[in-house]
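Thanks for making the time this morning. I would like to take you through one protein chain, beginning with the whole and ending with a single residue, so please keep the sequence and the structure in view as I talk.

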Amino acid sequence: MSDSLAELTAQVSELHQQINDYNHQYYVLDEPSVPDVEYDRLMKTLLTLEQTYPELKTLDSPSQKVGGQPLKAFSQVTHQVSMLSLDNVFSTDEWQAFVKRIQDRLASHKALVICAEPKLDGLAVSLRYEQGVLVQAATRGDGSTGENITQNIRTIKSIPLKLIGKAGIDFPNIIEVRGEVFMPKASFELLNELAKKKGEKAFANPRNAAAGSLRQLDSKITAKRNLAFYAYGLGFVGDLSTASAPLIGKSYLKSSHYQRLCQVKALGLPMCPEVRLLETQQQVQDFYQDILTKRDSLSYEIDGTVLKIDDIALQEKLGFVARAPRWAIAYKFPAQEELTIVEEVEFQVGRTGAITPVARLKPVFVGGVTVSNATLHNQDEVERLGLKIGDTVVIRRAGDVIPQIVSVVMAKRESNAQEIVFPATCPVCDSKVAKAEGEAVLRCTAGLFCQAQRKEAIKHFASRKAHDVDGLGDKLVEQLVDENLITTPADLFTLTEIQISTMERMGQKSAKNLIVALENAKQTTLAKFIYALGIREVGEATATNLANHYCTLPAIKAASFEALQAVDDVGAIVAKNIVNFFKEDHNLSVVNALAAMMTWPDIMVRNADELPLSEQTFVITGTLSQMGRSDAKAALQVLGAKVSGSVSAKTHFLVAGEKAGSKLTKAQDLGVTVLTEDDLIALLAKYN
Ligand code: 9MJ
């Protein structure tokens, strides 16, 4: 290292300042300004510097405490046994290195039994029971001193005010139970909906909502917030509140961490149902994967797993370092939030002419993938964020959801940040743009005369849920349109093998295959034909309803604005879109050209209530490996069934594929009939 001590001291002081600021925003104000990973990164840099140059470590370093300053308005509680936080690992290699460190320290390479827990994303609290009665509850605070939040904790429904059993017989006279207070996802959504209705500020996430609720000076407000608690450990345990007492208290307790949690559960405190005792490294990896898969269907937020050496004697032997036990580690999921820079904003024209601003980002690894673009939706969203080009932003990618820009880190804005200017004409065809009344979306008015809308219309026509033309990828469509070989979906059927084979990355064989795929696509259903036209807001379900209602294409084309509204799911807006679509000459000529080439079976004219599955409501969940969810949905709708997205008391059947999650549990709770994919196939076969 060639850095001078003066430079290093300045760097450490800068880190102190930043971490202290973030701590204050996060712990005291409940308004985080940067994602956790950024905080963790700064802390890691500081810890590494302090390890390498111990002379830089000072008593006021943020590395010396776990959280932030306790709020002044609550009284303070000194923890008799300090409340530790956890160190993190992010990979199998780091986890294995952790195990090896422990084995080396214990001078034993015997396999370690692990108690595995989900890492709840809430607030750590310590609940003190004396003679079996809850007498004090405290936050972690800085690990040695926390805030007295007893009144608020008493309002949490799942926390008992009195333990089950007799003090001094079934459990020690004094016992501190530690665990996490959190807000279930559903309660968080409800709370924010209510806040929005009242014009109040929404909470950023369930963790902040839980923190905000616990920090209420008025416990009546806390009582209205639906908070929950899971126990994950013990603090002070003894028969007298003196330093020598813990030894006596321990005699009540088992020697396994897992069994102790079960004991705590038996006293009436909630324990997370996902906690497991694991014996092999493979089981640990499987647990991590299993919990990651379940993450979205769990009713509470988690951000990883916590792995603890189960044997209490070994825990005691290992002890702890400054702020974390040596016998436990958080094996975290990939961060769902990260910081990056908006390098440019471009405007994309979609199938319906919608002009969408797209942020081009400095590539960043978030939620397990590298992200370099994020949609900004529309002008309102850009204004809401207050975004400028060059800004540092928080980007979030949770589960399979598309990445979103959550907020701008204003403190990091440079003086040369550029205003985002929306285009005055279509960025592709230069036609006029317009914003419909009450809509936030800016649209190109040129319809299929716009090259971008043409491309998107053709891509949609060939897409999987429409005519599913194998081998006609987005890039190929773009080339074919750019080369002026096609301008409408109907032109696809006039393409020759030679024309296709001259396109980039297309050989003779793939050209031949595409011609075959196009030929096959001519056999379709009326519902798919309607859906493939790409009429605004006519999705698969509406297209199916239109087909079932009118049975023929001429009938749909001729339907009036009023008549259309008698079709299931069709309101005034959709009816207007349909009428307007069939009024345009250029649309009609494409529809007629396609109809002359394509065929679909006649739909028998039947009254909707005569269909075999009319009045029956289905929900489909999980992966259907044989037919796919959208085909299953369409097949059920053709038979008159209603296919809904959520399970309720009105659901008749739940079709549960592989990896079915919370919908299956709910259906079972409600006594809804559950069908497997094979059951569904057998049911459909009965009517076809
Ligand atoms: C959470 N947050 O779920 C611990 N934690 O153990 C679990 N935190 C913990 N354990 C010792 N499950 C210190 C913190």
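This is a predicted model: local features need pLDDT of at least 70, side-chain atom pairs count only at pLDDT 80 or more; totals for chains, interfaces and linings use all residues.

Taken along the principal axes, the C-alpha atoms fill a box of roughly 90 × 65 × 55 Å. The secondary structure comes to 25 helices and 22 strands. If we take the contacts with a separation of 6 or more, 67% of them are accounted for by residues 24 or more positions apart. As for charge, there are 75 positive and 82 negative charges, and their mean positions are 5 Å apart.

Let me turn to the sheets. One of them is an open, mixed sheet of 5 strands, which run in the order β2-β11-β10-β3-β9. At its edges stand β2, residues 88-89, and β9, residues 276-278, and because each has a single partner strand, one side of each is left without a neighbour in the sheet. The pairing of β3, residues 114-120, with β9 is antiparallel and extends over 3 bridges, with Ala-116 standing opposite Arg-276 of β9. Helix α9, residues 257-266, packs on this sheet, where it touches β3, β9 and β10, and its direction makes about 55° with that of β3. Helix α3, residues 92-106, lies across β2, β3, β10 and β11, and it runs at about 175° to β11.

Strand β13, residues 354-366, pairs with strand β14, residues 369-375, in the antiparallel sense over 6 bridges, and the partner of Arg-360 in β14 is Asn-373. There are 2 residues between the strands of this hairpin, and Gly-367 takes a positive phi near 60°.

Now to another sheet, which is open and has 4 strands in the order β20-β19-β21-β22, with parallel pairing. Its edge strands, β20 at 642-644 and β22 at 673-675, each pair on one side only. On average, and with direction ignored, neighbouring strands here are turned by 30° against each other. Between β21, residues 653-656, and β22 the parallel pairing extends over 3 bridges, and Phe-653 has Thr-673 as its bridge partner in β22. Helix α23, residues 629-638, packs on this sheet by touching β19 and β20, with its direction at about 170° to that of β19. Helix α24, residues 662-670, lies across β19, β21 and β22 and runs at about 145° to β21.

I would like to finish with Glu-117, whose place is in strand β3. Is Glu-117 buried or exposed? The relative accessible area of Glu-117 is 4%, and since buried means under 20%, Glu-117 is therefore buried. Which residues does Glu-117 touch, if we do not count those up to four places away in sequence? They are Tyr-232, His-257, Leu-261, Val-275, Phe-287, Thr-305, Val-306 and Lys-308. Finally, Glu-117 and Met-271 are 154 residues apart along the chain, while their C-alpha atoms are separated by 9.9 Å.

Methods
Residues are numbered from 1 along each chain as its sequence is written. Side-chain values use heavy atoms; hydrogens and water are left out. Contact means heavy atoms within 4.5 Å. Lys and Arg count as positive and Asp and Glu as negative; His and the chain ends are not counted. The place of a charge is taken as NZ of Lys, CZ of Arg, CG of Asp or CD of Glu. Two strands pair if DSSP finds at least two bridges between them. Axes are lines fitted to C-alpha atoms, for helices over the stretch in contact, and angles run from 0 to 180 degrees between N-to-C directions. Buried means under 20% relative accessible area, exposed over 50%, partly exposed in between (1.4 Å probe, protein chains only).
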